[in-house]
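Here is a friendly tour of the model shown below.

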Amino acid sequence: MRWIWIDRFLAFDRGKSARALKNLSLAEDYFADHFPGYPVMPGSLILEGLAQTGGILVGEANDFREKVVLAKILWARFHREAFPGDQLIYDVELLNLRAEGAAVRGRVHAGDALVAEAELFFAHLDQARSGQFGDHNFVFSGELKHLLGLAKLQADQADNSGGPEN
Amino acid sequence: MPNQEEIYTKVSATLVEALNVDEDEIKPSATLQGDLGAESIDFLDIVFRLEREFGIKIPRGELFPESIFQGDPEFVQDGRVTEKGLAELRARMPFADLSTFEQNPELSAISDLFTVDMIARYIQTKLSEGKPAEPSVN
């Protein structure tokens, strides 16, 4: 299984907020065990989607120079279960950002229903523990950063197709 | 400007949230790490919350100086903070109560300087600094 828990960005306001979506498919492996006969998305994975949305928001604000890691979940509330076929919308806003780390607040909706909300805290590894993990930025090395690139591409295409014809 | 008691109440509430401790565990002399179980990552969380709660800016290393003495033989010898090190501490953390620490300045005890009361005093200093000067009465 690839560790990517959002499918697409819908909006991205640099250093302020981000919105991503995640479609839940019954074909996803975890539904088979969580739970047999009653598939619901584990709350921890819902939070992971929020953390990825928020982590990219935080990372992009510094042009991905920092290794942004989820350090603390300040609080989380779950209001409703998320089922196969649901489309989750992750909304994240930046509360604080400074050299050592950042805090974001996030909400997850399925349609009009609030599924979960949480406040997440990210640390910048470079600042907090310099050198321990080497120079390579393992956080934004692959899929996560690629996803944002994809979102930009989509946005550009939308701009081009929607623009006035010359 | 909030008075001493209001500041202390707000600081307590902030710590209850940041460290997920019970209100009755918070007392002025409680140490953040020893008594309240704070971990390194909690310190930045506390700083964020205090900034929001009091509308102040807390520059990096001002409230919680990071590793002041690391590798400096002038400040630490044989695991104990030297006179020069104590002077540095006084200068860097004028809001901390060093009276107990000075009697037995083991480096390992330095985290005990970080108490609830220390934060309250820091906030007090900070708020009075930010206050615009009183118009002089002539």
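**Domains and chains at a glance**

In this predicted model, the centres of domain 1 and domain 2 of chain B, taken over C-alpha atoms, are 21 Å apart. The assignment places residues 1–64 + 114–133 of chain B in domain 1 and residues 67–113 in domain 2. Chain A, for its part, has an open sheet of 6 strands, and helix 2 of chain B lies across several of them, including strand 3 and strand 4 of chain A.

- Chain B contains 5 helices and 2 strands, and their order along the sequence is α-α-β-β-α-α-α.
- The C-alpha trace of chain B spans about 50 × 45 × 25 Å along its principal axes.
- Where the two domains of chain B touch, domain 1 contributes 9 residues and domain 2 contributes 6 residues.
- Sorted by class, the side of domain 1 of chain B that touches domain 2 of chain B has 3 nonpolar, 4 polar and 2 charged residues.

**Chain B: the helix 1 and helix 2 pair**

- A pair of packed helices is described by the angle between their axes and the distance between the axes.
- For helix 1 (residues 4–19) and helix 2 (residues 40–54) of chain B, the axes come within 10 Å and cross at roughly 140°.
- Angles over 145 degrees would count as roughly antiparallel, so helix 1 of chain B is oblique to helix 2 of chain B.
- The crossing of these two helices of chain B is right-handed.
- From helix 1 of chain B, the contact uses Lys10(B), Thr14(B), Leu15(B), Glu17(B), Ala18(B) and Leu19(B).
- From helix 2 of chain B, the contact uses Asp42(B), Asp45(B), Ile46(B), Arg49(B), Leu50(B) and Glu53(B).
- By class, this helix contact is made up of 5 nonpolar, 1 polar and 6 charged residues.

**Chain A: the sheet**

- Strands of a sheet pair through backbone hydrogen bonds, and the pairing can be parallel or antiparallel.
- In chain A, the 6 strands of the open sheet follow the order 1-2-4-5-6-3, with antiparallel pairing.
- Strand 1 (8–13) and strand 3 (68–78) of chain A stand at the edges with a single partner strand each, so one side of each has no neighbour in the sheet.
- On average, neighbouring strands of this sheet are turned by 20° against each other, direction ignored.
- Strand 5 (residues 101–110) and strand 6 (residues 113–124) of chain A run antiparallel and are joined by 10 bridges.
- Strand 5 and strand 6 of chain A form a hairpin with 2 residues between them, and Gly111(A) in the turn has a positive phi of about 60°.
- Lys72(A) stands opposite Phe121(A) in strand 6 of chain A.

**Helices across the sheet, and the chain contact**

- Helix 2 (residues 43–61) of chain A lies across strand 2 (17–23), strand 3, strand 4 (87–98), strand 5 and strand 6 of chain A.
- That helix of chain A runs at about 45° to strand 4 of chain A.
- Helix 2 of chain B lies across strand 3, strand 4, strand 5 and strand 6 of chain A, at about 65° to strand 3 of chain A.
- The contact of the two chains takes 5 residues from chain B and 10 residues from chain A.
- On the side of chain B that touches chain A, there are 3 nonpolar, no polar and 2 charged residues.

**Backbone details worth a look**

- Most residues other than glycine have a negative phi, and most peptide bonds are trans.
- His34(A) and Phe35(A) are joined by a cis peptide bond, with omega at about 0°.
- Phe35(A) sits in the loop between helix 1 (30–33) and helix 2 of chain A.
- Asn20(B) has a positive phi, near 55°, although Asn20(B) is not a glycine.
- Asn20(B) is in the loop between helix 1 and helix 2 of chain B.

Key. Residues are numbered from 1 along each chain as its sequence is written. Chains are lettered from A and ligands numbered from 1 in the order in which they are written. This is a predicted model: local features need pLDDT of at least 70, side-chain atom pairs count only at pLDDT 80 or more; totals for chains, interfaces and linings use all residues. Axes are lines fitted to C-alpha atoms, for helices over the stretch in contact, and angles run from 0 to 180 degrees between N-to-C directions. Helices (H or I, at least four residues) and strands (E, at least two) are DSSP runs, numbered from the N terminus. Angles under 35 degrees count as roughly parallel, over 145 as roughly antiparallel, 65 to 115 as roughly perpendicular and the rest as oblique. A crossing is left-handed if the near helix is turned anticlockwise from the far one by less than a right angle, and right-handed if clockwise. Two residues are in contact if their C-beta atoms, placed from the backbone, lie within 7 Å. Ala, Val, Leu, Ile, Met, Phe, Trp, Tyr, Cys and Pro count as nonpolar, Asp, Glu, Lys and Arg as charged, and the others, Gly among them, as polar. Domain bounds come from an automatic or database domain assignment. Two strands pair if DSSP finds at least two bridges between them.
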